Amino acid sequence: MADNLGSGLVYNDGTSTLQVRLSSQAGNALSFTAEGGLYAPTGGTPPTPATCLRTIASLPAAPNTVGAYTNAMLRGPYSSPYQLKWCLRAGADIVHFRCATSSDGVGVVPDYDNHRMEIGRSNIYVSRDIRELNSSTIAGTYNYAGDENDPMAYAPVTPVRTDRKGGWYGYLAQRYYQPLVADMLTTINGTAVALLDCVPADTATYPESVAIIGGIRAIQQYCAQAWAMIGVSTLANATTVKNAGITPCMLVSWPSPYNLATLPYPVADLQAAGVTWMVLPSKYADSVFTTYKNAGIQVLMWSNSRHTERARAATLGVRGALCGDPVYYRGPNTSAWPYDYRTEVDPWAERKVATGQLTYRTDNQAVSSGAGNVRGRPDQDEPGLFIPASFGSTLGRPTVLCGWLCPLVNPSNYTLTWDMKWTSLATISTTRAKLGLLFGAATDRDTLEWPQGNATLNPEGWPDGNKAMYRVYQRQNGEIGIAKWSGSTFSYLATLASPAIANDVWNSYTLRVTPTQITFTRRVSNGTAYTVTAADSQYRGGYVWVEKEEGVAGDTANPFAGAFRSLLYTNNG
């Protein structure tokens, strides 16, 4: 091919791709951008750090702006400097972090929206509001989000641990000094747009009008007006930010119920305050997004990071999204440079949150270990994903997305292998208490089986979850099987009796999918294999979840705990 190319083209043998040929002559200003496009800066100046700044005005057009929410959330401590660097390395267009104001008027990056420094999170002696501490005290305080050689993600024990180690982030979450806003701006340095969230919790002592003081001061001192925004919730504070020469962004709180069609702010009021940017939760109805977009407001969907929400943002034509996993949200990029996260292997062996695992609000519930809704955790004694009792409670299809695999490279011909075990047994084992996989889905829309028209079990009115897929399962009583949903009909394609589950014993499983057949095998500890097979070709989508189901709507509680490890994908195409 290389011998038949005209001017301006070159064949890259290393990547087997045809691409534009860039001139090596002095003065060339044409270059590739991080997303693989061609960039010719105004004035013909060759690319330099100054010309490659990511300003608000240069953010990608709709719907391609992608922001990292709360410093990308559960991949690391919310305020950590190394997590900020991960966001920048990942190419986030916007980096969101919280902002409070110290007693001497300096912007501080708190971990939580209560705008406090807590003894349980740092080496401070007395818990206080940030407004009551000077910036010297804060900047000299260690954040105890984690400690070296401490793999525990959280402490499922009573009483709660008091040594202030661990955190959500697995092992080697190093301690660090509590950052100031100036520290974050220094690191970002115009390579992304900074979004300073100055909205305090309802329980915070000091109001938003105090929080913005430190944010405005930091942006003005760093001359970051072109690449920093301040997030607020009131129009009066938006006007204050605007009058300071800084771009305000309205941050809309999580609404109730689902699909709310009421505008949180009148369009005319936003326009009068000079508001041009907004972060709007995905829980709002499409009509709300459309109204603001049509009024010229740049709307970012506050997203759960799923590919389904990326598709929704594109359909609505909004500017983009703010999400907890910007790498997964973007999807695997194979069209330009191969930025494909699907080369990640067995992340739970590292006791870390996997790409696309999306441990926050993936079943539309907040993280809460007390309620059993924690989206899995590592264990200090052995690798794997450990899912606590009461996960999903009595709602069907509670899952954790295996996003680092998705969408599968070849969803029609592949093998998945993994191990599962019970770490505590359920009372009822014959018809419920199952572990397994959901697979074959065409989208990664959440799977949870929300009962419709039930104000007690589904007060928010969430729609029924995704069920156009297959299930392979292991019941506690030993039964294994293959099943599927077809419309509203659930059917068993194949079942087989095998030995009942013994507590705390790993079993190995294999799922083999071809274009026309599904085969599921359990191999017990002595090597004996039990296999079921079904000839079915209805679903060959590329999304996979691990599932731990205790019951369905209306069932009595049937808690048990389970674990998964070594989930590996092989392309057999």
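**Salt bridges, aromatic pairs and backbone geometry**

Trainee: How many salt bridges does the count come to?
Mentor: This is a predicted model, in which local features need pLDDT of at least 70, side-chain atom pairs count only at pLDDT 80 or more, and totals for chains, interfaces and linings use all residues. Residues are numbered from 1 along each chain as its sequence is written, and side-chain values use heavy atoms, with hydrogens and water left out. A salt bridge requires a side-chain nitrogen of Lys or Arg within 4 Å of a carboxyl oxygen of Asp or Glu. By this rule the number of salt bridges is 20.

Trainee: In the salt bridge of R116 with D129, how many residues apart in sequence are the parts that the pair ties together?
Mentor: The closest N and O atoms of R116 and D129 are 3.4 Å apart. R116 belongs to strand β9 (residues 116-117) and D129 to strand β10 (residues 128-129), so the pair ties together parts whose separation in sequence is 13 residues. Strands here are DSSP runs of E with at least two residues, helices are runs of H or I with at least four, and both are numbered from the N terminus.

Trainee: Does D129 count as buried or exposed?
Mentor: Buried means under 20% relative accessible area, exposed over 50%, and partly exposed in between, with a 1.4 Å probe and protein chains only. R116, at 26%, is therefore partly exposed. D129 has a relative accessibility of 5%, so D129 counts as buried.

Trainee: For the pair of K421 and E382, how many residues apart are the two partners?
Mentor: K421 and E382 form a salt bridge whose closest N and O atoms are 2.7 Å apart. This pair links distant parts of the chain, with K421 in strand β21 and E382 in the loop between α9 and β19, at a separation of 39 residues.

Trainee: At what relative accessibility does K421 count as buried?
Mentor: E382 counts as partly exposed because its relative accessibility is 21%. K421 counts as buried because its value is 3%.

Trainee: What is the N to O distance between R475 and E479?
Mentor: R475 is buried, with a relative accessible area of 5%, whereas E479 counts as partly exposed at 24%. Their side chains meet in a salt bridge with an N to O distance of 3.0 Å. The distance asked for, between R475 and E479, is 3.0 Å.

Trainee: How many aromatic pairs does the count come to?
Mentor: A pair of aromatic rings is described by the distance of the centres and the angle of the planes. Rings of Phe, Tyr and Trp (its six-membered ring) pair if their centres lie within 6.5 Å; planes under 30 degrees apart count as stacked, over 60 as edge-to-face and the rest as tilted. By this rule the number of aromatic pairs is 19.

Trainee: What is the angle between the planes of Y328 and Y341?
Mentor: The rings lie 5.7 Å apart, centre to centre, and the pair is tilted, with an angle of 50°.

Trainee: Which loop holds F560, the partner of W422?
Mentor: W422 and F560 form a stacked pair, at 5.4 Å centre to centre and 20° between the planes. W422 lies in strand β21 (residues 414-424), and F560, 138 residues apart from it, lies in the loop between β29 (543-549) and β30 (561-571).

Trainee: Which charged residue sits over the ring of F560?
Mentor: A charge sits over a ring if NZ of Lys or CZ of Arg is within 6 Å of the ring centre and within 35 degrees of the ring normal. The ring of W485 has the charged end of R397 over it, 5.4 Å from its centre. For the ring of F560, at 4.2 Å from its centre, the residue is K548.

Trainee: Which peptide bond is cis with omega near -10°?
Mentor: The bond from S256 to P257 is cis with omega near 0°, and P257 is in the loop between β15 (247-251) and α6 (267-272). P407 lies in the loop between β20 (399-401) and β21. The cis bond with omega near -10° runs from C406 to P407.

Trainee: What is the relative accessible area of S305?
Mentor: S305 has a positive phi of about 80° although it is not a glycine, and it lies in the loop between β17 (298-303) and α8 (307-316). S305 is buried because its relative accessible area is 2%.
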